[in-house]
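Some labels in a structural description rest on cut-offs.

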Amino acid sequence: MTARTTRHTTAARTRLAAVGSLAVAGALLLSACGDQTESGGSSSESSTSAGAAPLFSKLPAKIQKAGVIKVGTNAEYAPMESVEGGKIVGVDPDIAAALGKQLGVEFQFTSGGFDTLITAVNTGRYDIAMSSITDNKQRQEGLDDSGKKLGEGVDFVDYFTAGTAIYVQKGNPKGITSMDDLCGQTVAVQRGTTYEEALQTQSKKCTTDGKKALKIESFENDTEAQTRVKSGGAVAGVNDYPVAVDMAEKAGGGNTFEVLDQQYEAAPFGIVVDKQNTQLRDALKEAVDAIIKDGSYQKVLEKWGAESGAIKAAAINSGS
């Protein structure tokens, strides 16, 4: 899910992972505000006891006592996070498990609606959200597209970087090669993602250039968007690059979709933390740096084929 703010047309052709999606903080970037429907649960597994964990003392006392960090996610985004055999698996849960060994606590994942994750962190339902979420100023400050203040915003601990991909039916029957080729076409996307806004921006560009606007079809989840592209109802979908690649490799034995050889606007993924919870934020940053240093971070990325999204050091609120 890509960055919400100004997008660039420069394409990155390296194979990295894509930008995460999610509604801006505070009650309401996109209208979804109720409780999330839990669709799966998982605990990241840490074999390190609290006593042996080097960063346990850095955590807030409440979390030390609980021994758990509650994580909100939207587990419909393989290979980043998805449900297999009733368990949430993927890049994010495995990174969380590595963090758990440094912090001496379990990361317990619960899956719910993507566009309510930030709100759920701000209300205390979750301690953090980890779901391929793009760090940007809008979310940091709790603003809507016009700059209006909607909520208090959140902090991000950035642990990955990624870019946006366009996917089409296998064989690319409409000959789509770039964002500009989407003008006048129907495009499918998950509701509440930064991709949805990116398509809205592209649609305005189309009309400014004298072309027809896009018809954007937004769906509750990414699976529905994929189905729309598969059926031919939409000529393309927009998604995180690693998600699009994983989908293209697996769907129909690799015969359903293909991914364009371009990525747009690489941006950081961040762990979402409430702005008031600076102690947890800082502990997570130290833990990310620790797993980068000890090599466990790289092993996770290699396991899921996401090495090109690797960063050299954690950062707080580095998104623009």
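The questions and answers that follow set values against definitions.

This is a predicted model, in which local features need pLDDT of at least 70, side-chain atom pairs count only at pLDDT 80 or more, and totals for chains, interfaces and linings use all residues. Residues are numbered from 1 along each chain as its sequence is written, and side-chain values use heavy atoms, with hydrogens and water left out.

Q: Why is Asn 172 called buried?
A: Buried means under 20% relative accessible area, exposed over 50%, and partly exposed in between (1.4 Å probe, protein chains only). Asn 172 has a relative accessible area of 15%, so Asn 172 counts as buried.

Q: How do you know what counts as a helix or a strand, and how many does the protein have?
A: Helices (H or I, at least four residues) and strands (E, at least two) are DSSP runs, numbered from the N terminus. The protein has nine helices and 15 strands.

Q: What span is expected of helix H5, and what does the model give?
A: The expected span is 1.5 Å times one less than the number of residues. H5 (residues 194-208) has 15 residues, for which 21 Å is expected. From first C-alpha to last, H5 reaches 21 Å, close to that expectation.

Q: Which elements do the buried residues of H5 pack against?
A: Contact means heavy atoms within 4.5 Å. The buried residues of H5, including Tyr 195, Leu 199 and Cys 206, pack against elements among them helix H4 (137-141), strand E11 (215-219) and strand E12 (236-240).

Q: Why are E4 and E5 called a pair?
A: Two strands pair if DSSP finds at least two bridges between them. E4 and E5 have two bridges, in the antiparallel sense, so they count as paired. Glu 76 has Ser 82 in E5 as its bridge partner.

Q: What makes E4 and E6 edge strands?
A: The open sheet has three strands in the order E4-E5-E6, with antiparallel pairing. E4 and strand E6 (87-89) each pair on one side only.

Q: Where is the cis peptide bond at Pro 79, and what is its omega?
A: The bond joins Ala 78 and Pro 79, with omega about 5°. Pro 79 is in the loop between strand E4 (76-77) and strand E5 (81-84).
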